[in-house]
Amino acid sequence: MQLKSLKAILLAAALLIAARISGQETTLFMPFVKDHTRSDYAAGLQNRDIVQDGRGVMYFANNEGMLVFLGNKWRLYPLPNKTVVRSLAIDQEGIIYAGGQNEFGFFSPDGSGDWEFHSLRDRVPEKHRVFNDVWDAEANEEGAFFRASGKIFRFVRDTIQVFEYEESVTALLNDRGHIYIQVKGQGIFLFQQGAFVRINELDPLKRKVVTSILPFGPDQMVISTLNQGLFIWSEKESSLSSWEASPNAYLADNLILCASPLAHNRIALGTGLDGLVVLDTSGQIVQHLSSRHGLLNNTVNALEVDSHNHLWLALESGLNYLLTNSPFFSLRPDNGIEGIPYTSMLWDEKLYIGTSNGLYSSAWTSGGHAPDENQFSLVENSQGQVWSLQDVDGDLLIGHHEGGYLLHSNGAVRISKSRGGWLFQVRTGTDHEMLGGAYDGLHIYQKDADSWQWMRRLEDFELSSRFVVQENANTVWVSHPYKGVFRIRYGDEHGSSLVEKMDTTDGLPSEFRTHVFRIGGEVIFCAQEGVYDFDNEHQRFQRHEVYQRFFDPKEKVRRLFESPGGNIWFVTEKEIGVLQVDEKSLHKEIHKKVFPELRGKLIGGYEFIYPASDRHVLFATEDGFILYDASLEIAGDSCLSVILDEVRAAGKGDSLLFMGVFHKSGRITPTQVKAQIPSLPPYLSTIQFSFSAPDYAYPELVEYRYKLDGLDENWSEWTRKSGKEYSNLKPGNYIFRILARNFNGYVSDETEYAFTINPPWYAAPMAYWIYGIAAITLIGGMFWLPRRKFEQEKDRMHSERKRLIDEHEKAIEESEQEKIRLQNEKLMLQLEHKNRELVSAALNVVEKKDILQDIAQDLSKIHKSCPDPQTKKKIGSILNKFDHEKQFDDDWEQFVYHFEQVHEDFFHRLRDKHPNLTSRDHKLCAYLRMNLSTKEIASILNITVRSAEVSRYRLRKKLGLESNEKLDEYLSHL
C-alpha cells in the first residue's frame, strides 16, 4: 500500500514535469500577479502603453501624463496641454517619445536630471498641425515615428517629415527595429530608405486591423489582428496563412489589442474582453488570466516584457505585473476553494487541499485546459477544519477537527471516537497498526480488511498531540508548544504507559516552544534556541552537530519538512528555505538556500510545506497555495540597478540638486559627468539622498548599503530603508556611493554622486592664502620690524642730523640771502640815489643851461649897447665861450655814462629792438625811463610842453605801441 502512495506522488510530479517541458501548464496555478491601482500611483485610471529604459525604470502612457515607476515610488509628468498620453517609445540614447491629443514630442532630462517635455508640434508644417490623437509611437535608428489618424510623423535630425494618406493609418508597429504601418484598404508598408514600401504578400490583411507583428521561429512571424485571429507570415517563402492551430475563434471574439513575445517561443496576447492569453509554439492556450484570476480588469491595452523577463500589463483600469520568470506560482483565485488552507497532498492523480472549511480535490493533469476547467470541489462529509493529510498504507487519512477520517470513494468517513485529529502514522514495527495524535492524546488504530478501526487511547497522557515522532516500536516523543516535551514508553494493549516530561535539567534551553520532527531517520528537537537531538547513552539533549551549523543559535526553528529525495525544508522566525542534501559524494554535503520572497506569507502557527518532490513544493498561505518549481530557478538576477532618484540640500533653505537621470547634452549617461557636480554654499550642509532599485517583483526585499567618501570609512550595513541624510557636513569634496541587493543576493553595480560643499569666505582657499601671507608677514615682521625700527631710528637720527645741517645751511643761506637782500636794497637805494642824482644832474644841467642862457642874453645886450670898443671886445670874447651845443653834447655824453650805470644796456636793447630811432628819440626814452614828467622833459630839451607831448606821441608810433599800452611801462620793462 505504501508503494501505491509513492507511485501516486511520483506520477503527479512526473505529470507536472511533463507539463512544464512540453509547454503545457496546469491551469490550477498561475504566475504571481501584482496589482498597481490608481490609488497606488495617484494618476489616471487608464494606461495605454509601456516602455522601459536601460536602467530598468518603467514608463507608462497614462490618462494624466507619463507615469514613471522606480520600484518603490511613482512620478507623473503631464503634457503641456494636460491631455492624455496615448503612446510612448524610447530610443537607444534613452530619450522618451510621447504622443497625446493633438500633441507629440519627447522627454529629455533637464539641468537637475528630471524629465522635461519638448513639444514637436510647432515643427510640423502649418497645414498638418491638426491631427487629434497620436495613437502610437515607435523609435529606431532612422528616427521617431508617430501615428495619427491619416498621418505618420517622422522626427529625425531636428526636422519633421509628414507622410499623409487619404485613408486612416490603423497601425504603427516595430518588430526588431523594422517599422511597419497599415493603411486602411491599402495594406501593410515597411519603412525603407526614407519611404514606406508596400508588402504585397500581406495584401490579404488589407481589410483586417493588424495589432502586432512578432518573431516566431527563425524565418517566420506571427501577425495578430483585432478580430480575425492570428496569421503566420513566412518572409523566406513570401507566404501568409491563418494559424489554424491557434484558438482563432476564441481570440476573434475577445479582440486582440496587443501582443508580446515571451521566453520559450511563447506569445502573450492582450485581449479587449478577456484578459491575457498565453500560447505555446503549437498554438495552444497554456495560460489564461482575467479578472477572475486576479487581473484588475479584462482590457489589456499594452504588454511589455521587462529586463527581469516578467510581464507588465497596461489595463483600462490600473496596471498588473506578472512574475512570468519566477519559479513560484499561485493557486488560481477562482479555484472553488473556501477557507484558510492548512494542508495538501497529491494522491491518486488528484490534488487534495485541506482548509478551515473542509477538504477539496481537483484533477491533476497536464494539457491546455479551457479557463473554467480543473475547479476544486468539496469532498463529501469533510466540512470543518482539516489539519493534515497522510498516506498510510495506501489509504488517505484526514486529520480533522471532528476526529480522524478515512477517504472513501463516496467521501470522508470518520474512524475515530475522539474529537479532533492531528495526524496519523504507521506504528513502528507493525504492518497493521496506526498511531494517531488527537486533541486528547495518542490513539491506536488497527486495520481490518480495507478499513481502519479505533482500538484504544494510550493511558496517562491526555495532552493535545499535534507533534508526534516515533523513536521505535515502544517509544514516542510528543511536544506541546506550551506544556513541554514528553517521552512516552508503552507496551501491548494491556500494558501501561510511562510518561516522562523533559525539561531544562535534561539539557533543553527551555521547557516551552519545542517542536519534534523525524528528519533523515533521526528524532530532531527544535527548541526555543537551537536544534537538538537526544543522546540515549547519556540521557540528555545536545546540540545537533550537523543541522545546528545552518541556523542562528538564538533563532527559533519553527518547522522542518523532509522531501522524498531527502532535502529538508525549514521555517524559522526570519527565514524560509531548504537544506539541499547531496549524498553523491563520500561525505554528505548540505547546502542552504533561503527564499526571502516567502517570508511572512505562511500561516503563523500552522506553517505547512508539502515537498511533493525535490523539484515541486507547495506552501500554504493565507491567500491559498504557492507552487515552487525548482527547474525554473534562476541563478541570479543580473539586471538589478540602483538609482539615486533624488538629492536635496538643506540648511538655511532647501535646494533640489538631482532627480535621478544622469545626462550629457540632453543624452542619458550611466554616470555623473563633471559638469553636473554641484558646488554648494556652506549653509546648505545637510544632504538628503533618496534611492531605489527597479526590482518590481519583490521591491520590499531589496536592501541597500551606502558610503559617503569624505566622511565614512566603511560601508553601512545592508538596510531596506531607501533614504539617507547627512547633516552638518564640513566643507570639502564628497562622493556618495550606493549599492542594492535583491532577494536572491545579487548585488547591483555601484552608483556614485559627487558634490562639493564650499567653505565660508573666511575658510576659502583664497582666505588661507591670505592667512598664509599674513602669517609669513607677521613672522617676517617679528624679525623685520626691530630692524626696521633700528633703520628708522638710524634714518631719523640721520634725518635729524641732516635737518640740523640743512637748518644750519638754511640759516647760513638765509643769512646770505638776507645779506644779499640788504646788499640789493643797498644797491637799490644806491641806484635810486644815483637815479635821483642823475635826475638832479639832468635838472641841474637844465638849470645851469637856463642860467647860462640868461647870462649870455644879458651880456649880449651889454655887448650891443657897450660904447667902449675895448669892453665890447672883451664881452664878445666871453660870449664866444658859450658854445651851447658842444657844451650840451658834452653834458649828454656825461649823462649817458651815468645812465648806463643805473640802467645797464638800456640803449643797447633799445637800438636792437628799435633801430629806426633817432638820438633825440633815445634822449626822450631815457628821460621817460627816469620817470620825468612831460614838463621836465620839455625843459631839458628846451622845447615847449606841447612839443614834448607831440614827441611822446611820435615815439609811441615808432615803438609800435597799441592804444592800451603805456609808454612808461613799456620802457621800464625794456
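Figure 1. At 61% relative accessibility, Ala-42 counts as exposed, where exposed means over 50% relative accessible area, buried means under 20% and partly exposed covers what lies in between, with a 1.4 Å probe and protein chains only. This is a predicted model in which local features need pLDDT of at least 70 and side-chain atom pairs count only at pLDDT 80 or more, whereas totals for chains, interfaces and linings use all residues. Residues are numbered from 1 along each chain as its sequence is written, and side-chain values use heavy atoms, with hydrogens and water left out. Ala-42 is found in the loop between H2 and strand E3 (47–52); helices (H or I, at least four residues) and strands (E, at least two) are DSSP runs, numbered from the N terminus. The phi of Ala-42 is near 55 degrees, which is a positive value in a residue other than glycine.

**Figure 2. The protein chain as a whole.** The protein chain contains eleven helices and 67 strands. Its radius of gyration is 62 Å, well over the 30 Å that the globule rule gives for 974 residues, so the chain is more spread out than a compact globule; the radius is taken over C-alpha atoms, and the rule is 2.2 Å times the number of residues to the power 0.38. Along the principal axes, the C-alpha atoms fill a box of roughly 230 × 85 × 45 Å. Of the 974 residues in the protein chain, 50% are buried. Among contacts (heavy atoms within 4.5 Å) between residues at least 6 apart in sequence, 50% join residues at least 24 apart.

Figure 3. The buried residues of H8 include the charged side chains of Asp-921, Lys-923 and Arg-929, where Lys and Arg count as positive and Asp and Glu as negative, while His and the chain ends are not counted. Also among the buried residues of H8 are His-922, Leu-924, Cys-925, Ala-926, Tyr-927 and Leu-928. H8 is followed by Asn-931, whose phi is positive, near 65 degrees.

**Figure 4. The salt bridge between Arg-38 and Glu-64.** The closest N and O atoms of Arg-38 and Glu-64 are 3.6 Å apart, and the two residues form a salt bridge, defined as a side-chain nitrogen of Lys or Arg within 4 Å of a carboxyl oxygen of Asp or Glu. The pair links distant parts of the chain, with Arg-38 in helix H2 (residues 38–41) and Glu-64 in the loop between strand E4 (58–62) and strand E5 (65–69), 26 residues apart. Arg-38 is partly exposed, with a relative accessible area of 43%, and Glu-64 is likewise partly exposed, at 35%.

**Figure 5. The salt bridge between Glu-93 and Arg-667.** The side chains of Glu-93 and Arg-667 meet in a salt bridge of 3.0 Å, N to O. Glu-93 lies in the loop between strand E7 (85–90) and strand E8 (96–100) and Arg-667 in strand E61 (residues 667–668), so the pair ties together parts that are 574 residues apart in sequence. Glu-93 is partly exposed at 42% relative accessibility, and Arg-667 is partly exposed with a relative accessible area of 36%.

**Figure 6. The buried pair Arg-427 and Glu-433.** Arg-427 forms a salt bridge with Glu-433, the closest N and O atoms being 2.5 Å apart. Arg-427 is buried, with a relative accessible area of 8%, and Glu-433 is buried, with a relative accessible area of 17%.

**Figure 7. A network of salt bridges.** Lys-73, Arg-75, Asp-645, Glu-646, Arg-648 and Asp-654 are linked by salt bridges into a network. The structure as a whole holds 38 salt bridges.

Figure 8. Ile-232 lies in strand E21 (residues 230–234) and is buried, with a relative accessible area of 10%. Leaving aside residues up to four places away in sequence, Ile-232 touches Phe-216, Gln-220, Met-221, Val-222, Ser-239, Leu-240, Ser-241 and Trp-243. From C-alpha to C-alpha, Ile-232 and Leu-214 are 9.7 Å apart in space, and they are 18 residues apart in sequence.
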